Amino acid sequence: MSEVLAMLNLDDSPWTPSGTHPAATLVDPASAQLSPRDQGILRGDGIFETIFWDHGQLRQYDLHMTRLERSAMITGITLPPREQFDAAVQQALDAYDFSKQDGVVPDELQVKIVVTRGYAPENPNGNAWVSVFPVGLQLRAQGPQKVSLLNRGFDSAAAEKYPWLLLGAKTLSYATNMAGAREAARRGSYDALFVTSDDYILEGPTSSFVLAKDHRLVTPRADIGVLPGTTQRALFAEAQKAGWGVEERPVRIEELYGADSAWLTSSARLLVQINATDEASVKADPALHEEMLRLLLSFPE
């Protein structure tokens, strides 16, 4: 199959590797599988991760699962056992059909894990599933790109002051993120880069932000209201080994224009170098981009 959907088997007894039923059931991804009352569909009340599978390797899998657990803690959603996710992911990958397809990157996949909150009386355990699908060629940027800076509507202290906003959790409530991406496209930009009302950089709709300056990599600190990036963490780990300084701190908008280079980072797109905003140009060093990409891809799996 060119897309695989594995629904985790959730019931009142916890799943165990030695149990009598499989971790998940493979179902038709083109057929309805959820009740219209599922809280993820009805209210966006769920969490997820998207993991990059590259030529037989799941990249940053442990980082993604740790972030899923963090999102579950923030939102109060109960997760199935980690071992059940591991088995369901492998079950879905084993079922994937690698026949040649047009318009996709060969030997690369996206593995998406989704968990939605339970609801009584119909489904108190909620739903969880793993889907596997190809990486479309359109996800890979051809060279450096322009981004549009969009005000996210809160200041840099909002995450601390208003924890119920769930800033920093990877929830299914992505309507604002997608609206930002559409607005950026309307302006002729590759993507959006969200900023705070007091002029700090946050993240892209589906990406983290990293800049390089004087042999140091900098990314916005998570407590400013951003999702901790798994690709960014992998890049920082390898950059440190190579002698780069790394730092997580609040980043002012003006720092983007003085950077040696800057990127959007994500699991499927890897690194997208920024060369402009709607307001001004941004330095894009091609040699530095190649060095960062090499470091990222050297992260041990």
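**A predicted fold and its charged pairs**

At 0% relative accessibility, Val-135 counts as buried, where buried means under 20% relative accessible area, exposed means over 50%, and partly exposed lies in between (1.4 Å probe, protein chains only). The structure is a predicted model, in which local features need pLDDT of at least 70 and side-chain atom pairs count only at pLDDT 80 or more, while totals for chains, interfaces and linings use all residues. Residues are numbered from 1 along each chain as its sequence is written, and side-chain values use heavy atoms, with hydrogens and water left out.

Leaving out residues up to four places away in sequence, Val-135 touches Phe-52, Val-104, Val-105, Glu-108, Leu-109, Gln-110 and Arg-140, a contact being heavy atoms within 4.5 Å.

The view can now widen to the protein as a whole. Eight helices and 13 strands are found in the protein. Of its 301 residues, 50% count as buried. For contacts between residues at least 6 apart in sequence, 72% join residues at least 24 apart. A compact globule of 301 residues would have a radius of gyration near 19 Å, and the 20 Å found for the protein agrees with this. The radius of gyration is taken over C-alpha atoms, and the globule rule is 2.2 Å times the number of residues to the power 0.38. Along the principal axes, the C-alpha atoms fill a box of roughly 60 × 45 × 40 Å. The accessible surface comes to about 13800 Å², and 51% of it belongs to carbon and sulfur atoms; these areas come from the Shrake-Rupley method with a 1.4 Å probe, and for residues only the protein chains shown count as cover.

Charge is the next topic. The protein has 27 positive and 39 negative charges, and their mean positions are 5 Å apart. Here Lys and Arg count as positive and Asp and Glu as negative, whereas His and the chain ends are not counted. The place of a charge is taken as NZ of Lys, CZ of Arg, CG of Asp or CD of Glu. Side chains of opposite charge can pair when their charged atoms come close. A salt bridge is a side-chain nitrogen of Lys or Arg within 4 Å of a carboxyl oxygen of Asp or Glu, and by this rule the count comes to 19 salt bridges.

One of the bridges joins the side chains of Arg-67 and Glu-49, at 2.8 Å from N to O. This pair links distant parts of the chain, with Arg-67 in helix 2 (residues 61-75) and Glu-49 in strand 3 (residues 46-54), 18 residues apart. Arg-67 is buried, with a relative accessible area of 9%, and Glu-49 is buried at 0%. Another salt bridge connects Arg-82 and Asp-86, whose closest N and O atoms are 2.8 Å apart. These two residues are separated by about one helical turn because they lie four residues apart in helix 3 (residues 82-95). Arg-82 is partly exposed at 26% relative accessible area, and Asp-86 is partly exposed at 30%. Arg-252 and Glu-254 form a salt bridge as well, with closest N and O atoms 3.7 Å apart. A network of salt bridges links Lys-146, Glu-183, Arg-186, Arg-187 and Asp-278.

Finally, the backbone holds some details to look for. Most residues other than glycine have a negative phi, and most peptide bonds are trans. The peptide bond from Ala-120 to Pro-121 is cis, with omega near 0°, and Pro-121 lies in the loop between strand 5 (104-116) and strand 6. Gln-60 has a positive phi, near 55°. This residue belongs to the loop between strand 4 (57-59) and helix 2, and Gln-60 counts as buried at 6% relative accessibility. Asp-199 also has a positive phi, near 70°. Its place is the loop between strand 8 (191-195) and strand 9 (208-212), where Asp-199 counts as partly exposed at 39% relative accessibility.
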